[in-house]
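This briefing describes selected local features of the structure shown below. It is arranged by topic for a reader who wishes to follow each point in the coordinates.

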Amino acid sequence: MKLKLTTALGTVLLAAAPAFADKAAVLDNYADIALAKYTDSLTTAQMLLASVNTLTDAPSAEALQAAKDAWLAARVPYQQTEVYRFGNAIVDDWEGKVNAWPLDEGLIDYVDAAYGGATDENEYAVLNVVANASFTLSGDTIDASDITPDLLEGSLHEADGVESNVATGYHAVEFLLWGQDLNGHGAGAGNRPWTDYASGDACTGGHCDRRGDYLTAATELLVSDLEWMVAQWQDGGDARAQLTADENAGISTILTGMGSLSYGETAGERMRLGVMLNDPEEEHSCFADNTHNDHFYNAVGIRNVYLGSYTRIDGSIVSGESLASLVAAADAGVDAELQAKLDAAVLEMLEMKIAAESGFSYDSMLERGNAAGEALIMGAVNALVDQTRSIERAVVALGVDQIEFEGSDSLDNPDAVFQ
């Protein structure tokens with residue numbers, strides 16, 4: 001029997017699936033690591049909420065910086081969870097609430113005049129909920145006198161069916177903490193003053209109390225969304241149950257997440273596209289200039305899923321039977337090759353991360369004609385594409401069901417990007 005594998009990189013035929021006794025153990029460990037990652041994401045989001053409450057209760061430059069630091073820390077475990085997307089429908093359907101980007105930030109708060117106004121694509125690009133306690137949305141009058149999680153999630157997020165109307169999640173919080181990055185390709189992130197949360201005459205930007213309410217509501221919603229996802233991976237949770245219901249389908253789920261995040265999502269939509277457009281707005285965390293860390297921890301997340309080991313924020317390690325052990329049993333050469341490619345991708349990302357943290361920011365790397373920046377980004381892109389080819393070889397070695405990895409025009413059909 002032959003099975004067809006369709007991916008962004010081509011179509012191949014698979015041999016009949018061999019039987020492995022340890023697939024159930026691999027799936028259990030994968031689910032245990034998911035639970036640990038989402039629990040760490042929840043813990044750091046709760047710490048972020050505590051910092052946000054301190055900022056809104058007693059605004060100061062120090063409190064704003066502490067909230068920014070807490071946001072940056074919260075991204076470390078969360079970005080390692082993104083490898084659970086694509087294959088796990090529960091995760092992919094939920095992810096848009098917590099990590100959607102890019103966003104039309106004028107929906108949320110004031111923006112620089114150069115940002116422009118409403119467009120044919122998005123009538124609400126400068127709605128500015130912070131400044132308006134009532135507004136019309138898709139023909140309905142919305143009472144926004146109280147900014148609550150229900151308002152953000154129920155009325156504003158992806159308003160009018162426009163994906164860039166991002167009202168919730170990490171990047172909405174990021175914008176409220178940093179503000180717009182108006183430096184273009186130059187050095188520096190967003191520079192929102194702490195007085196945007198001050199009271200009385202000290203308030204800058206107007207509506208400081210409502211801005212604080214929005215920041216608090218968005219962060220509370222982030223915490224509750226992560227609480228929900230943690231429950232899905234606990235014993236008896238729906239995500240764990242769906243994963244383990246069929247062993248072969250579960251192994252396909254792991255591989256789908258690895259290949260799709262590696263190829264179409266990170267290498268393509270998040271990295272190669274930005275190089276092609278030379279656009280600093282194509283940064284994943286464009287307000288905080290944290291994109292280098294986003295990409296690095298995506299690569300780490302792919303590797304730790306394959307190796308079946310995750311280092312938690314407290315330094316403890318969750319590990320067990322791994323996908324690597326299954327691949328090694330089927331074809332030791334493929335396993336060795338894939339482990340080497342995963343290491344190579346993480347190292348390329350690390351080189352980019354070190355450069356960014358040494359003053360060569362990711363948005364500077366994206367500038368047209370910046371050969372050194374393009375080399376850093378494309379070195380990581382090429383390593384991700386290379387490791388995806390080895391993931392495909394692992395799929396063949398295991399003989400699992402048909403898999404389709406996410407693609408990207410930036411990699412598969414570059415001319416279409418400019419049409």
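**Overview**

Gly205 lies in the loop between helix H5 (170–178) and helix H6 (208–233). Helices (H or I, at least four residues) and strands (E, at least two) are DSSP runs, numbered from the N terminus. The model is predicted, so that local features need pLDDT of at least 70 and side-chain atom pairs count only at pLDDT 80 or more, while totals for chains, interfaces and linings use all residues. Residues are numbered from 1 along each chain as its sequence is written, and side-chain values use heavy atoms, with hydrogens and water left out.

**Gly205 and its surroundings**

- Gly205 counts as partly exposed because its relative accessibility is 43%; buried means under 20% relative accessible area, exposed over 50%, and partly exposed in between (1.4 Å probe, protein chains only).
- Leaving aside neighbours within four places in sequence, Gly205 is in contact with Tyr110, Asp196 and Arg211, where contact means heavy atoms within 4.5 Å.
- From C-alpha to C-alpha, Gly205 and Leu182 are 16 Å apart in space, and they are 23 residues apart in sequence.

**Helix H6 at Thr216**

- Thr216 lies in helix H6 and is buried, with a relative accessible area of 14%.
- Not counting residues up to four places away in sequence, Thr216 touches Leu49, Val52, Asn53 and Thr56.

**Packing of H8 with H9**

- Two packed helices are described by the angle between their axes and the distance between the axes.
- Helix H8 (residues 247–277) and helix H9 (residues 291–307) have axes that come within 10 Å and cross at roughly 165°. Axes are lines fitted to C-alpha atoms, for helices over the stretch in contact, and angles run from 0 to 180 degrees between N-to-C directions.
- H8 and H9 are therefore roughly antiparallel to each other; angles under 35 degrees count as roughly parallel, over 145 as roughly antiparallel, 65 to 115 as roughly perpendicular and the rest as oblique.
- The crossing of H8 and H9 is left-handed, a term used if the near helix is turned anticlockwise from the far one by less than a right angle, with right-handed used if clockwise.
- On the H8 side, Ile254, Met258, Leu261, Ser262, Thr266, Arg270 and Met271 meet His295, Asn298, Ile302, Val305 and Tyr306 in H9.
- By class, the contact of H8 with H9 holds seven nonpolar, four polar and one charged residues. Ala, Val, Leu, Ile, Met, Phe, Trp, Tyr, Cys and Pro count as nonpolar, Asp, Glu, Lys and Arg as charged, and the others, Gly among them, as polar.

**Packing of H2 with H3**

- The axes of H2 and H3 are 14 Å apart, and the two helices pack at an angle of about 165°. That makes H2 roughly antiparallel to H3.
- The crossing of H2 and H3 is left-handed.
- Arg75, Tyr78 and Gln79 in H2 meet Trp94, Glu95, Val98 and Asn99 in H3. The residues of this contact of H2 with H3 divide into three nonpolar, two polar and two charged.

- E3 pairs with strand E4 (residues 140–143) in the antiparallel sense over four bridges; two strands pair if DSSP finds at least two bridges between them.
- Leu137 stands opposite Asp140 in E4.
- Two residues separate E3 and E4 in the hairpin, and Ser138 in the turn has a positive phi of about 55°.

**Backbone geometry in loops**

- Most residues other than glycine have a negative phi, and most peptide bonds are trans.
- The peptide bond from Trp101 to Pro102 is cis, with omega near -15°; Pro102 lies in the loop between helix H3 (89–99) and E3.
- Phe86, in the loop between helix H2 (61–79) and H3, has a positive phi near 70°. Phe86 is buried, with a relative accessible area of 13%.
- Asn278, in the loop between H8 and H9, has a positive phi of about 50° although it is not a glycine. Asn278 counts as buried, at 15% relative accessibility.

**Helix H10 at Ala328**

- Ala328 lies in helix H10 (residues 323–330) and counts as partly exposed, at 30% relative accessibility.
- Ala328 and Ala397 are 69 residues apart along the chain, and their C-alpha atoms are separated by 9.1 Å.
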